[in-house]
Amino acid sequence: MSHNQLTESGRLHHFLSIEGLKRPLLTEIMDRAEQFSSISHQQVKKVPLLRGKTIVNLFFENSTRTRTTFELAAKRLSADVISLNINTSSASKGESLRDTLHNLEAMHSDMFVVRHHQSGAAEFIAQHVAPHVSVINAGDGCHAHPTQAMLDMFTIRRHKQHFPDLRVAIIGDILHSRVARSQIQALATLGVGEIRVIAPKTLLPTDCKTLGVHVYHDMNAGLKDVDVVITLRLQNERMQGALLPSSKEYYQCYGLTERKLSLAKPDAIVMHPGPINRGVEIASAVADGPQSVILEQVTHGIAVRMAIMSMTLGSQAELYEVTA
Amino acid sequence: MSHNQLTESGRLHHFLSIEGLKRPLLTEIMDRAEQFSSISHQQVKKVPLLRGKTIVNLFFENSTRTRTTFELAAKRLSADVISLNINTSSASKGESLRDTLHNLEAMHSDMFVVRHHQSGAAEFIAQHVAPHVSVINAGDGCHAHPTQAMLDMFTIRRHKQHFPDLRVAIIGDILHSRVARSQIQALATLGVGEIRVIAPKTLLPTDCKTLGVHVYHDMNAGLKDVDVVITLRLQNERMQGALLPSSKEYYQCYGLTERKLSLAKPDAIVMHPGPINRGVEIASAVADGPQSVILEQVTHGIAVRMAIMSMTLGSQAELYEVTA
Amino acid sequence: MSHNQLTESGRLHHFLSIEGLKRPLLTEIMDRAEQFSSISHQQVKKVPLLRGKTIVNLFFENSTRTRTTFELAAKRLSADVISLNINTSSASKGESLRDTLHNLEAMHSDMFVVRHHQSGAAEFIAQHVAPHVSVINAGDGCHAHPTQAMLDMFTIRRHKQHFPDLRVAIIGDILHSRVARSQIQALATLGVGEIRVIAPKTLLPTDCKTLGVHVYHDMNAGLKDVDVVITLRLQNERMQGALLPSSKEYYQCYGLTERKLSLAKPDAIVMHPGPINRGVEIASAVADGPQSVILEQVTHGIAVRMAIMSMTLGSQAELYEVTA
């Protein structure tokens, strides 16, 4: 379980993993995101909530999309943002990661948004930062991507309301997916009725049973009567190993087509964390079709990140200002 | 003709090309730029006109200068700016341009400033964006560079006032120049008395006659009695092809020297879109001389881009705030 | 001596070198930094002092740390910041440095923060900019790094108050260090009682005597009874030349260990401009020990740069607003 995400009084200080967070906190994030969501439709899409705060994007792994959403979320909260690509920073001068972090802290940074190819990196950083700094995990290795999971929950709630009534299927590379891992934890915490994973055996973790999910290897059976279909991005690098035969064959077995989707409930929604591989894990007709909420996920990503950023940094007093 | 630049009521929605725009609109851009120009001399060079708006610089072709002027224009309008170098973005993850655009739209972006090496790219993007997004063409292939043309018109008006009385000469690589193409359209729309192009045959488009310009191959004849001399940048890559013998020979024939400039009217102004190749298309003595307005063009570039950005994004109500 | 740093009335216009600046001005910088330092502890770490000003980071030499501190200082003064890596800019299109500068000026930039690998680069740029632009030297070759020196003086004053009573030792590569050069000038101007340099002969400049410093080749003698110990970063590239045997041998002779530090006064402080090479010029136990003020230096770097930026750009009228 993540160390020290919460303050003694149970408020969010870091946001590293869904694991260990209670249902009321996840609900609070979604409620708060709902408030920020309405801001996006105002003439001036900005609130002064984090004015004067310094947020540092620490990206050890390149991701324009995720960096952009965090940068926009920070700017719409009126924070100052510094984006550092750590490969080109002092690391090249032989400085250790800890020294780099301590230097950034000493500049009175208030938050580090961390993306790293190694599992546990955000946690490690959170353990070593000064008490005044909040750390947000923007994806670490195969471990967790909790802001993505929360925007997915927010998107589901927008369409389906009551979690216990839902049957949710996640399709694809569960084994290597930090997104899937965080989604499963969030769905379980929110009391979703049934969580299914659909994948070939080579792309399933060995601890599937302990995750509380139902495992399917066949799309026809797995998609039957589900309310939410979550497709995962197939990393090209997996294809080169022995785990998968070819992207064409993968598409035939596990690609989400209109025909397969018709087995789900008629009002099922289709999700994907992006960027999508059309014709690999999802057919274009489905990605762009009436049941797809993929672009809504992107939109909600800003509001959900604004919520998490303001909750980790904000005092209760400040929080009330959102609605003012 | 550019598709859909204007709203039904004839206001600017996108800014893709000078082609198809009427004289009153070009005049409105210049009048509005005049207002912003005075802001640059204030103690605080900022107006809150686009506060809370998100402007995305989408540069598929590197250009520090142009990107910087758009970024400064956006910041002086108090907008939030995100600059994306598309080569290093999700494109590398195999995402299509359309998916990238739809994602940026979903983040509630209000404007895309597009620079692309392919003619028609800005137009293509404008055809595919959501209705709430404005697209500004910051240069596409050999097609158009309309904000450059408008800052050139603004610079001419500052010095020469009445367009119909003017004789304007454009010298150099007309064939490949998006700047020249947009300038000729703007000069024609503003009713300039005589537009001349001076270039070797290999650097002239075949449709010169239809452009309504007078063609000269000789500088002595072409510069005679002109009021405005526009020199174009000679792209180094042209030199490597069969189109030109050498930069030295080009300078002898078409380089603007003090001697050649003396054939123009004594109060003729000298322009160049930058960056200049000293000793290739223009002599240093001319570029830095008393008739040069090259740096003024750069200065006016900010105000003209502020004008175009605020017109495409702004409602009539907001527009009046500029003068408040 | 630096040309033209001061206005006719003796106020800072550029900030290029400590050389030639008088003690009251250095004291004014520190007093003003003291004011900004308190802002960093406020809820909103921002003052509107430079709102609407445009500051351009012109980095010809990569330095994430220094660029970040200047960027943060500028943002906390509410200025707009543009960061240009000159290697990737118009320089690649063959434009001269002067043309690039004149273009940036024409965009109504107010300040250039310059970092360059060549000594004298900031001075050169200051001589060629328009009168309305201030230039700050963020490190030029082996010549000067005056903002670093001032943050070091500020850090010393925070701990030691009265400069004439102090004995300060600087250890390491004095010969190539722009930091050491600026520190010695600042310490001398502030009337420090004794300035010592401790280094092997190969890393000492030949003009050591004229600098007014006492030279030591032995740490035991040099550190005796000093109040302030400044360690310098050992550039790896020096190691490859004939100047030094190995980093291991260097550490044995000139690395600051707890044992050697015990020769200094018990309340001596330890400084380093960063990034540090642990186990080369300084032991980890010392860098992280109770006498180290290395991270404080980083913190003070923001306030000192805010002070220098606001003094070079500000009029007297504006300056009073800081305290308001």
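Author: A residue counts as buried if 20 or more other C-beta atoms lie within 10 Å of its own. The model is predicted.

Reader: How many of the five residues of strand β6 (residues 194-198) of chain A are buried?
Author: The strand is largely enclosed by the rest of the structure, because most of its five residues pass that cut-off. For β6(A) the number of buried residues is four.

Reader: Which strand do five bridges join to β6(A)?
Author: The two strands run parallel. In this pairing Ile170(A) stands opposite Val197(A) of β6(A). The partner covers residues 167-171 of chain A and is β5(A).

Reader: Which residue stands opposite Arg196(A) in β7(A)?
Author: Strand β7 (residues 214-216) of chain A is joined to β6(A) by three bridges, and the two run parallel. The residue of β7(A) opposite Arg196(A) is His214(A).

Reader: Which element gives the most to the side of chain A that touches chain B?
Author: In the contact between the chains, 20 residues of chain A meet 18 residues of chain B. Both α2 (64-76) and α12 (294-313) of chain A supply at least two residues of that side of chain A. With seven residues, the element that gives the most is α2(A).

Reader: How many residues of that side of chain A are charged?
Author: The side of chain A that touches chain B has seven nonpolar and eight polar residues. The charged residues there number five.

Conventions
Residues numbered from 1 in each chain as written. Chains lettered and ligands numbered in written order. Predicted model: local features only at pLDDT ≥ 70, side-chain atom pairs only at ≥ 80, totals over all residues. Contact = placed C-beta atoms within 7 Å. Nonpolar A, V, L, I, M, F, W, Y, C, P; charged D, E, K, R; others polar. Buried ≥ 20, exposed ≤ 12 C-beta atoms within 10 Å, placed from the backbone. Pairing = 2+ DSSP bridges.
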